[in-house]
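Try each task before you read its solution.

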Amino acid sequence: MSDQTDDFGGIDDDTWDRLAEAARNVRSHAYVPYSDFPVGAALLTTGGEIFAGCNVENATIGATVCAERTAIGCAVAAGHTEFVALAVITAVDPPSAPCGICRQVLAEFCDDMPILMINPAGGHRFTTLDELLPLRFSGRDFIDDKC
Ligand code: THU
């Protein structure tokens, strides 16, 4: 990683490497008979655990679940709802960013979060959830003053 992105988002580079590895590994399990576009995602919890997920497609197309949401589902099912970083791998250059639905679902569990997007060719870029989904609707809107 370049100097500019060292320890991006306060996550040390070893941890980013572990997240990238988990995303890379889980991508090999992607179920993608329709798009042939495998995606892997790995989430880091506040406790330092990593949960990974791949995309799971469906013949209806609409019932397809993205890798990011599979990772969130695995983590939540294991009792984890607080996340501090995400790595996503796609085989395109530049590496893809999470889709709009996944951004919203990620926002359910984190105010902001550093995100690493990578591809198998070594391409990588960093962003944040705030950058991807500014001015979002969230659970806070339910507790703000009604008028
Ligand atoms: N996909 C993801 O897994 N994550 C995203 O953020 C974008 C899209 C998947 C869904 C589908 O299986 C394939 O990529 C093509 O859209």
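**Exercise 1.** Is D7 buried, partly exposed or exposed?

*Solution.* Before starting, note that this is a predicted model, in which local features need pLDDT of at least 70 and side-chain atom pairs count only at pLDDT 80 or more, while totals for chains, interfaces and linings use all residues. Residues are numbered from 1 along each chain as its sequence is written, and side-chain values use heavy atoms, with hydrogens and water left out.

Step 1: recall the classes, with buried under 20% relative accessible area, exposed over 50% and partly exposed in between (1.4 Å probe, protein chains only). Step 2: D7 has 41% relative accessibility, so D7 counts as partly exposed.

**Exercise 2.** Which loop holds I61, and what is the phi of I61 near?

*Solution.* Step 1: I61 sits in the loop between β2 (50-54) and α2; helices (H or I, at least four residues) and strands (E, at least two) are DSSP runs, numbered from the N terminus. Step 2: the phi of I61 is near 65°, a positive value in a residue other than glycine. Step 3: because its relative accessible area is 53%, I61 is exposed.

**Exercise 3.** Which residues of the largest nonpolar core touch the most other members?

*Solution.* Step 1: a nonpolar core is a set of buried Ala, Val, Leu, Ile, Met, Phe, Trp, Tyr and Cys residues joined through side-chain atoms within 4.5 Å. Step 2: among the 20 residues of the largest one, L43, L86, L106, M113 and I115 touch the most other members. Step 3: two or more residues each come from β1 (40-45), α2 (67-77), β3 (83-89), α3 (100-109), β4 (114-118) and α4 (129-132). The largest share, 4 residues, comes from α2. Step 4: leaving out residues up to four places away in sequence, L43 touches residues including L19, F51, A71, L86, L106 and M113, where contact means heavy atoms within 4.5 Å. Step 5: apart from this core lies another, of 14 residues, among them L19, A22, A85 and F126.

**Exercise 4.** Which residues are around the ligand?

*Solution.* Step 1: they are S35, F37, V39, N55, E57, T64, C66, A67, E68, P98 and C99, each with a heavy atom within 4 Å of the ligand. Step 2: turn to oxygen atoms of the ligand. One lies 2.5 Å from a polar side-chain atom of E57, one is 2.9 Å from a polar backbone atom of A67, and one is 2.8 Å from an N or O atom in the side chain of E68. Step 3: taken alone the ligand exposes 370 Å², and the protein buries 77% of that; accessible areas come from the Shrake-Rupley method with a 1.4 Å probe.

Terms used: A polar contact is a pair of N or O atoms within 3.5 Å; within protein, one must be able to donate a hydrogen and the other to accept it, and residues adjacent in sequence count only if both atoms are side-chain atoms.
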